[in-house]
Amino acid sequence: MSNFKTIFKAVKEIHRLEKRLLPCTIATAVVTAVMPFVNIWFSAEIIDALEQKSDVKTLILLIASAVVINFVLMLSNHYLGDMYYIYRNMMYNSERSNIAKKLYSTEYKKLEDSDFKELIHKHSEAQNRVYSAFTQFSWMIRDFISGLITLAVSAAFLIPLFKIGFTRTGDSFFEKPIFLIVLFASLAVMVVFALLISFKMNKAYFAAGDAYSRLDRIFYYFLDMFDDYKTGKEIRLYEEQKIISHTAVDVMLTDGEKLLKKNSMYTARSSSMIALLGSLLAFGVYLFIGAKGLFGLFGVGSLVLYCGSFMQIINGVMKMAATFGKTAEMCPLVNYYFDILAVQDDMTYGDKDVDLDHYEIEFKNVSFKYPSSSSYALKNVSIKINNAEHLAVVGRNGSGKTTFIKLMCRFYDADEGQILINGVDIKEYKRESLMKLYSVVFQDFKMFSLELSQNVCVSDEYDSDKLYRCLEEANIIARVQRMPKKENTFLYKNVEKDGVEISGGEAQKLALARALYKDSPVVILDEPTAALDPVAENEIYSRFNSFVNNKTAIYISHRLSSCVFCSRVAVFDQAMLVQAGTHAELLKDKNGKYYELWNAQAQYYI
């Protein structure tokens, strides 16, 4: 029953994704099913006409009718086939669009969840393997309807034969109704047998594919990096080919091959059994029809009609059985799609708007653990950030600095304590209002293979003067003016062959320009100068500090030189806020963490 519910749900979704596909699929199935019967019926009629020595006019009419109807059906079949593939591809694009929208709109913490990542990989692997589960369902619908029509038309053509089989009796076994009953019983057994084998076979396909997806996850992880010139340098320099080959390729060629070989052997045995049963049944059919024909119960034309129709019954039944069997593989695959779309955000938002002109951000005894982690990423943190304050956040790797920003932006909710804006819990504000409050440059920022202006302004329409002012403040204007199409130049060569490859430092400056262009009241820079040299770093801070003079600025950096530009410094260590004060105040505490960090760096500049 669960499979039937999934099938019904899938059919509704196919119609929603592309309304023209199902009508086209049904029309294709009808034409495909009818085509063989045109030749069967006309062949029988022409043979009967020849046997009865009909006039030439009758023969010409029959042949001409057969040619015209075949031509119309073939033309219709080609046209419908082309339209089917067009609509199928449009449906597939809509399917991918839905997944893409879900991925970029779902709350951030889902993207870091291991179960959600596994679900996304299974869906991607299924698409690589079967193209699209919905496409497979459209094929199954086409084959099922085609098989059903084939069965119905065949049965209609065979009604006279069934009457003969049950009414014209004789002394031999082949002349008695029992032979026809045995034949139908054999057909029923073959249907059930084919259905069970097909179901088990496709269930085995799914199980093998599911196991294989776990093997090829790491393979595709590496494959996605192979065409990246940045990764290519390290692979060659450190001769990482061996470890990659051992970790990814060898596993695919050993464990993966065993899985595929086992599945192939099972499929071969199952298909052979179905083929053998079908051959035996076909022999019985020919024996029955031949016996009736031998006793002169019908002519040669009818013999052709009955043989062709009976074999079409077997063909129709096999199509329907294969369709039902295929559901064992396709239903779990299509459920990946529905499971992804069904993922709900856990966070709830209020209806308040943040006052973007005057605000105060406060952490009150905030503690947080990442999902599936037993250790705290932040522990009992309390700090207040005033309007237009410039705060430096420092500490060793893993001390909680980036987590502090993620919670501030509400990518996660605190496990304990509260985060307040103007004394109001952050959960009471609208999501859109919170996003307007912050401009952030994370350490793992991303530049897209789009035009430079689109990367900075995040839109096709932008204020050119404002864009150039932000590029100037980020100290990247000279590089942009040297580009072939200036701000309209594509970054990287992934999309445009004339795209410009930029360095890590240049990309970081563009990320800074993007934060400036958004023009939010709070600017947060997470390791904003990691890819820059000390001179460029000093210039960036000098320019940036003046540009965000009336804004709240939060700098997260391992380089403590940023602290000189800030009115206050927050020091994190082992997930806790251990110190807060001005640069001068903190240096006076020689037993403090800040003094230790500052002198650890300062010794290299003496």
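Biologist: Why is leucine 586 called buried?

Modeller: Buried means under 20% relative accessible area, exposed means over 50%, and partly exposed lies in between, with a 1.4 Å probe and protein chains only. Leucine 586 has 5%, so it counts as buried. This is a predicted model: local features need pLDDT of at least 70, side-chain atom pairs count only at pLDDT 80 or more, and totals for chains, interfaces and linings use all residues. Residues are numbered from 1 along each chain as its sequence is written, and side-chain values use heavy atoms, leaving out hydrogens and water.

Biologist: Which residues does leucine 586 touch?

Modeller: Contact means heavy atoms within 4.5 Å. Not counting residues up to four places away in sequence, the partners of leucine 586 are Val569, Val571, Gln579, Ala580, Gly581, Tyr594 and Tyr595. Leucine 586 itself is in helix α18 (residues 583-588). A helix here is a DSSP run of H or I with at least four residues, a strand is a run of E with at least two, and both are numbered from the N terminus.

Biologist: Why is valine 68 called exposed?

Modeller: Its relative accessible area is 51%, so valine 68 is exposed. Valine 68 sits in helix α3 (residues 56-105).

Biologist: What makes Val68, Phe71, Val72 and Leu75 a patch?

Modeller: Patch residues have over 30% relative accessible area and no salt bridge; nonpolar side chains (Val, Leu, Ile, Met, Phe, Trp, Tyr) are joined within 5 Å, like charges within 9 Å. These four form a nonpolar patch on the surface, with about 390 Å² of accessible area together. Such areas come from the Shrake-Rupley method with a 1.4 Å probe; for residues, only the protein chains shown count as cover.

Biologist: How do you know that the span of helix α5 agrees with its number of residues?

Modeller: The expected span is 1.5 Å times one less than the number of residues. Helix α5 (residues 114-130) has 17 residues, so it should span 24 Å; its end C-alpha atoms are 24 Å apart, which agrees.

Biologist: What caps the N-terminal end of α5?

Modeller: Aspartate 113 does, with a side-chain oxygen 3.2 Å from the backbone nitrogen of aspartate 115. Just after α5, tyrosine 131 takes a positive phi of about 75 degrees.

Biologist: What makes lysine 110 and aspartate 346 a salt bridge?

Modeller: A salt bridge needs a side-chain nitrogen of Lys or Arg within 4 Å of a carboxyl oxygen of Asp or Glu. For lysine 110 and aspartate 346, the closest N and O atoms are 3.1 Å apart. Lysine 110 lies in helix α4 (residues 108-111) and aspartate 346 in the loop between α10 (300-342) and β1 (361-368), so the pair ties together parts 236 residues apart in sequence.

Biologist: Are lysine 110 and aspartate 346 buried or partly exposed?

Modeller: Lysine 110 has 16% relative accessible area, so it is buried. Aspartate 346 has 48%, so it counts as partly exposed.

Biologist: What joins arginine 479 to glutamate 506?

Modeller: A salt bridge does, with the closest N and O atoms 3.0 Å apart. Arginine 479 lies in helix α15 (residues 477-482) and glutamate 506 in helix α16 (residues 504-518), so the pair ties together parts 27 residues apart in sequence. At 19% relative accessibility, arginine 479 is buried. Glutamate 506, at 19%, counts as buried too.

Biologist: How many salt bridges does the structure hold?

Modeller: It holds 15.

Key:
Polar contact = N/O pair within 3.5 Å; in protein donor to acceptor, adjacent residues only side chain to side chain.
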